[in-house]
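Visitor: I have the model open and I'd like to walk through it. Can you start me off?

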Amino acid sequence: MAPTPSTYVILLRAIGPVTHKLMTMAQWREASEAAGFVAPETLVNTGNMIAGFDGTEAAVVTTTVGVLRSFGLGDNVVPVVRKPALLQKLMKADPIAEAAAERPNQTGVYFFASKKPDFDWLKRHDGPETVHVVHDHLIVDFTQDVAQSGKLIRLIDKNCGTNTARNWNSVRRIADRCAARENA
């Protein structure tokens, strides 16, 4: 019997209406399956995929980049890959429980391409946002409309490198779907 491939969560950076003209989520699933991913499943329309893959996390990134470039997507569309267990740990930590329940669209979980982003700059952050570091990810309660937090978002980009963010509800949905796949 062949071993079961590992499950990975692939979160795309810089996906949206412009990129959807080049690659729909259905096309991404089909191309990913052709590239060796097992049972690729996308959630919502913002570049979230759960799929099995017989290889390392680095191989998932390399293979995904190949799929993305085959659609003509530029270098700004980057896959950030995580294992489902990490998403479960983030959910369990739940440092923004009240904000996530009351205003989930004003929350964010930042996933970084780098395994060890630099968070030293947070000591100097004095914005209205509340920022938590959990398992080398930032979990942010923006406390307001995210669009008003441009300064913080620029600081995250400048100091932590390539990243992608999802609101708390999206991360919860992805984590729940991963759990359902494991229990199927």
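Guide: One term first: two strands pair if DSSP finds at least two bridges between them. Also, this is a predicted model.

Visitor: OK. In what order do the four strands of the open sheet stand?

Guide: The order is E2-E3-E1-E4, and the pairing is antiparallel.

Visitor: Which strands stand at the edges?

Guide: Strand E2 (38–43) and E4 do. Each has a single partner strand, so one side of each has no neighbour in the sheet.

Visitor: By how much are neighbouring strands turned against each other?

Guide: On average by 25°, ignoring direction.

Visitor: Back to E1. How many bridges join it to strand E3?

Guide: Six bridges link E1 with E3, residues 48–53, and the two run antiparallel. Ser-6 stands opposite Phe-53 of E3, and Leu-11 stands opposite Asn-48.

Visitor: And how many join E1 to E4?

Guide: Four, again with the strands antiparallel; E4 covers residues 79–82. In this pairing, Leu-12 stands opposite Pro-79.

Visitor: How many residues of E1 are buried?

Guide: Six of its seven, so E1 is mostly covered; buried means under 20% relative accessible area.

Visitor: Which helix packs on the sheet?

Guide: H3 packs there, touching E1, E3 and E4. The direction of H3 makes about 150° with that of E4.

Visitor: H3 again, then. At what angle do the axes of H2 and H3 cross?

Guide: At roughly 130°, and the axes of helix H2 (residues 25–34) and helix H3 (residues 57–70) come within 10 Å. H2 and H3 are therefore oblique to each other.

Visitor: What residues make the contact?

Guide: Trp-28, Ala-31 and Ser-32 come from H2, and Thr-64, Val-67 and Leu-68 from H3. By type, four residues of the contact of H2 with H3 are nonpolar, two are polar and none is charged. The crossing of H2 and H3 is right-handed.

Visitor: New topic: where does Met-23 lie?

Guide: Met-23 sits in the loop between helix H1 (17–20) and H2.

Visitor: Is Met-23 buried or exposed?

Guide: Buried: its relative accessible area is 0%.

Visitor: What does Met-23 touch, not counting residues up to four places away in sequence?

Guide: With those neighbours left out, Met-23 touches Leu-12, Ile-15, Trp-28, Leu-68, Phe-71 and Leu-73. Leu-12 is the residue opposite Pro-79 in E4, and Trp-28 and Leu-68 take part in the contact of H2 with H3.

Visitor: On to E7. Which residues are on each side of E7?

Guide: His-137, Ile-139 and Asp-141 are on one side, and Leu-138 and Val-140 are on the other.

Visitor: How many bridges join E5 to E7?

Guide: Four, with E5 (residues 107–112) and E7 running antiparallel. Within that pairing, Gly-108 has Val-140 of E7 as its bridge partner. Five bridges connect strand E6 (residues 130–134) to E7, also antiparallel. There, Val-133 stands opposite Leu-138.

Visitor: What do E6 and E7 form?

Guide: A hairpin, with two residues between the strands. His-135 in that turn has a positive phi of about 50°.

Visitor: Last one: how do the axes of H4 and H7 cross?

Guide: Helix H4 (residues 84–93) and helix H7 (residues 168–183) cross at roughly 130°, and their axes come within 9 Å. The two are therefore oblique to each other, and H4 passes H7 in a left-handed crossing. The contact includes Leu-87 and Met-91 of H4, and Trp-168 and Ile-174 of H7. The residues of this contact are ten nonpolar, one polar and three charged.

Definitions and conventions:
Residues numbered from 1 in each chain as written. Predicted model: local features only at pLDDT ≥ 70, side-chain atom pairs only at ≥ 80, totals over all residues. Heavy atoms only, no water. Axes fitted to C-alpha atoms, helices over the stretch in contact; angles between N-to-C directions. Parallel < 35°, antiparallel > 145°, perpendicular 65-115°, else oblique. Left-handed = near helix turned anticlockwise from the far one by under 90°. Contact = heavy atoms within 4.5 Å. Nonpolar A, V, L, I, M, F, W, Y, C, P; charged D, E, K, R; others polar. Buried < 20%, exposed > 50% of the residue type's maximum accessible area, 1.4 Å probe, protein only.
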